[in-house]
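Student: I am new to this structure. Can we go through it by question and answer?

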Amino acid sequence: MEQRINYSKIGLKAIKGLQELDNYVESSGLEKSLIELIRLRTSQINSCKYCEGLHSEEAMQSGETRERLENLSSWRQKDIYSEREKIALAWTEALTLIAQNEISDEFYEEVRGYFDEQEHITLTIAINGINSWNRLAISFRTPAKVKQQF
């Protein structure tokens, strides 16, 4: 399939806004490996092949193991993820599929047990950011083998 629109050139102003969100997340102090797990898991849920490839590569560069990346979609059944990572992945799935999930007070408090208020906001912004990128790449058919230059 051919890419419909090169949004990194046509929508440059909007793309720069999304990039600012990413820059905020990157400089927030959240672990780089956690950020990449969030981005990869969101991309898996959304079936964004471009972002899956990109964030698998970036996760490997940040020190992730192939085993953890290959088992990410079944993280609940694996003991290779920390409790902090598991709650972040649960939050990721809940927000990515928000129409199918209730964000209960109990769940919110569970997340707060692992992330302070600032981290919780950053985690949520990271999830929202990658969902936006996924929707751009999917709707404009960004080929999995093409990397956008931002």
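**Salt bridges, helices and surface**

Tutor: This is a predicted model. To begin, E64 counts as buried, because its relative accessibility is 7%.

Student: Where do the two partners of the salt bridge between R76 and E93 lie?

Tutor: The side chains of R76 and E93 meet at 2.6 Å, N to O. The pair links distant parts of the chain, 17 residues apart. E93 is buried, because its relative accessible area is 10%. R76 is in the loop between helix 5 (66-70) and helix 6, and E93 is in helix 6.

Student: How many residues apart are E36 and K32?

Tutor: Both residues belong to helix 3. E36 is buried, because its relative accessibility is 0%, whereas K32, at 32%, is partly exposed. Their spacing is about one turn of the helix, that is, 4 residues.

Student: How many residues of helix 3 are buried?

Tutor: To count as buried, a residue needs under 20% relative accessible area. The buried residues of helix 3 include L34, I35, L37, I38 and L40, and also E36, R39 and N46. The helix is mostly covered, and the count of its buried residues is 11 of 15.

Student: How far apart are the end C-alpha atoms of helix 6?

Tutor: Helix 6 has 14 residues, and 13 of them are buried. At 1.5 Å a residue, the helix should span 20 Å. The distance between its end C-alpha atoms agrees with this, at 20 Å.

Student: What is the phi of S47?

Tutor: S47 is found in the loop between helix 3 and helix 4 (49-61). S47 is partly exposed, because its relative accessible area is 47%. Most residues other than glycine have a negative phi. S47 has a positive value, near 55 degrees.

Student: Is L123 buried or exposed, and what distance separates its C-alpha atom from that of L30?

Tutor: L123 has its place in helix 8 (residues 117-139). Its relative accessible area is 0%, so L123 is buried. L123 and L30 are 93 residues apart along the chain, and their C-alpha atoms are separated by 8.0 Å.

Student: Which residues form the negative surface patch?

Tutor: One member, E102, lies in the loop between helix 6 (83-96) and helix 7 (105-112). E102 counts as exposed, because its relative accessibility is 68%. The negative patch is formed by E102, D105, E106 and E109.

Conventions. Residues numbered from 1 in each chain as written. Predicted model: local features only at pLDDT ≥ 70, side-chain atom pairs only at ≥ 80, totals over all residues. Heavy atoms only, no water. Patch = residues over 30% accessible without salt bridge, like charges linked within 9 Å, V, L, I, M, F, W, Y side chains within 5 Å. Areas by Shrake-Rupley, 256 points an atom, 1.4 Å probe, with all protein chains shown as cover. Salt bridge = Lys/Arg side-chain N within 4 Å of Asp/Glu carboxyl O. Lys, Arg positive; Asp, Glu negative; His and termini not counted. Charge placed at Lys NZ, Arg CZ, Asp CG, Glu CD. Helix = DSSP H or I, 4+ residues; strand = E, 2+ residues; numbered from the N terminus. Buried < 20%, exposed > 50% of the residue type's maximum accessible area, 1.4 Å probe, protein only. Expected span 1.5 Å × (residues − 1).
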